[in-house]
Amino acid sequence: MEKPDKRTSILIAAQKLFSELGYEGTSTRQIAKESGANMSMINYYFGSKEGVFIEVINDRIKGFKAQLLSIDEDTILPLQKLMKVIEGYAHRILSDIPFHKMMYREISLAQRPEMCLKLRDAMTGNMQVIENIINNGVADGSFRQVDTRMLMASIMGTITSVATMPNKITQGSTLDINIPKDKEILTDRLIAHLQDLVTTYLTPQK
């Protein structure tokens with residue numbers, strides 16, 4: 001039982017450190033100390049810091065994909081599926097904003113091309129599930145004809161914008177996204193806004 005437990009401990013510690021310090025600011029030595037593992041264990045399981053990082057990302061992506069597939073397989077209307085997708089994605093991103101910022105920084109800067117390619121490939125599967133939900137709704141007449149990719153970009157871009165630049169929403173108020181109760185309020189507002197926006201946008205015109 002020691003190997004799986006230690007491997008999981010390494011991943012948990014790495015995610016915490018990556019969130020707090022970023023990729024560049026985190027070392028394998030820090031990961032080893034935080035997880036209670038030794039350097040040889042990290043090398044054995046992951047090969048390098050990059051290997052740890054990719055595995056942390058893959059775990060998050062796989063977790064969301066399982067959630068998406070469960071939604072897609074549910075016997076509910078396409079609009080209800082999309083509402084669940086929005087809720088799940090918003091909660092997932094806003095639950096760990098520092099990690100989200102760090103992950104997208106790595107992808108956008110592309111300083112490590114091979115790693116970025118692996119991350120993009122892993123994310124593509126999740127995007128395909130969401131795209132299928134929208135396209136199926138268009139095909140069965142639940143949704144009007146839309147530019148699916150642009151709609152997906154609008155949903156995800158709005159969530160990312162709130163996560164990375166919350167002052168656009170909180171300016172002039174006392175809300176602070178770093179305070180748990182305020183983050184909950186902002187998350188609920190974000191979900192309600194996107195669900196209302198998407199419902200209005202996708203409803204077939206009579």
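**Reading a domain interface**

Mentor: About 680 Å² is buried between domain 1 and domain 2, and carbon and sulfur atoms give 55% of it. Buried area is the accessible area (1.4 Å probe) that two parts lose on being put together, summed over both. This is a predicted model: local features need pLDDT of at least 70, side-chain atom pairs count only at pLDDT 80 or more, and totals for chains, interfaces and linings use all residues. Residues are numbered from 1 along each chain as its sequence is written, and side-chain values use heavy atoms, leaving out hydrogens and water.

Trainee: Which three residues supply 65% of the area that domain 1 buries against domain 2?
Mentor: Gln 15, Ser 19 and Tyr 23, more than any other three residues.

Trainee: Where are the domains?
Mentor: An automatic or database assignment sets the bounds. Here it gives domain 1 (1–47) and domain 2 (58–202). Seven residues from domain 1 and 10 residues from domain 2 make the contact, meaning heavy atoms within 4.5 Å.

Trainee: How many salt bridges are there between domain 1 and domain 2?
Mentor: A salt bridge puts a side-chain nitrogen of Lys or Arg within 4 Å of a carboxyl oxygen of Asp or Glu. Between domain 1 and domain 2 the count is zero.
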